[in-house]
Amino acid sequence: MGLGGCIILIAAGAILTFATDWDMQGVNLDLVGVIFMIVGLIGVATFSSIARRRRVVVPPSTTTVVEDDHRRGGGYGA
């Protein structure tokens, strides 16, 4: 589930909890909305921790050798 799906779960849960007054026999819509919001928040936290882990920059493991080519005598042809 991506970040968009998590945000949709949070929005749907908020709508079920705060914006509806439906009564269904055997189903507590307020509880279902709260569960949707909690699952959405867990998904956002998981997604952000995975995305943060992907952005870690690892320095190269190879060494760079710089040769020092200084000649005595100065000048270009010396």
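How many of the 78 residues of the protein chain count as buried, as a percentage? The figure is 14%. Buried means under 20% relative accessible area, exposed means over 50%, and partly exposed lies in between, with a 1.4 Å probe and protein chains only.

A word on the source. This is a predicted model, where local features need pLDDT of at least 70, side-chain atom pairs count only at pLDDT 80 or more, and totals for chains, interfaces and linings use all residues. Residues are numbered from 1 along each chain as its sequence is written, and side-chain values use heavy atoms, with hydrogens and water left out.

Now the overall picture. The protein chain has two helices and zero strands. Those are DSSP runs, numbered from the N terminus: helices are H or I with at least four residues, strands are E with at least two. Helix 1 covers residues 3–18. Helix 2 covers residues 29–54.

Next, surface. The protein chain exposes about 6900 Å². Carbon and sulfur atoms supply 63% of that area. Accessible areas come from the Shrake-Rupley method with a 1.4 Å probe, and for residues only the protein chains shown count as cover.

Then contacts, meaning heavy atoms within 4.5 Å.

Let's start in helix 1, with T17. Is T17 buried or exposed? T17 counts as buried, because its relative accessibility is 14%. What does T17 touch, leaving aside its neighbours within four places in sequence? The contacts are D30, G33, V34 and M37. With V34 there is a polar detail too. A polar atom of the T17 side chain lies 3.3 Å from the backbone nitrogen of V34. For a polar contact, two N or O atoms must be within 3.5 Å; within protein, one must be able to donate a hydrogen and the other to accept it, and residues adjacent in sequence count only if both atoms are side-chain atoms.

On to helix 2, and L31. L31 has 49% relative accessibility, so it counts as partly exposed.

L41 counts as exposed, because its relative accessibility is 53%. L41 and L9 are 32 residues apart in sequence, yet 8.6 Å apart in space, C-alpha to C-alpha.

Now keep an eye on L3. G43, in helix 2, is 40 residues from L3 in sequence and 7.5 Å away in space, C-alpha to C-alpha. G43 counts as buried because its relative accessibility is 15%.

F47 is also in helix 2. F47 and L3 are 44 residues apart in sequence and 6.6 Å apart, C-alpha to C-alpha. At 35% relative accessibility, F47 is partly exposed.

Last, S48, again in helix 2. S48 and L3 are 45 residues apart in sequence, with 8.4 Å between their C-alpha atoms. S48 is partly exposed, at 32%. A polar atom of the S48 side chain lies 3.0 Å from the backbone oxygen of A45.
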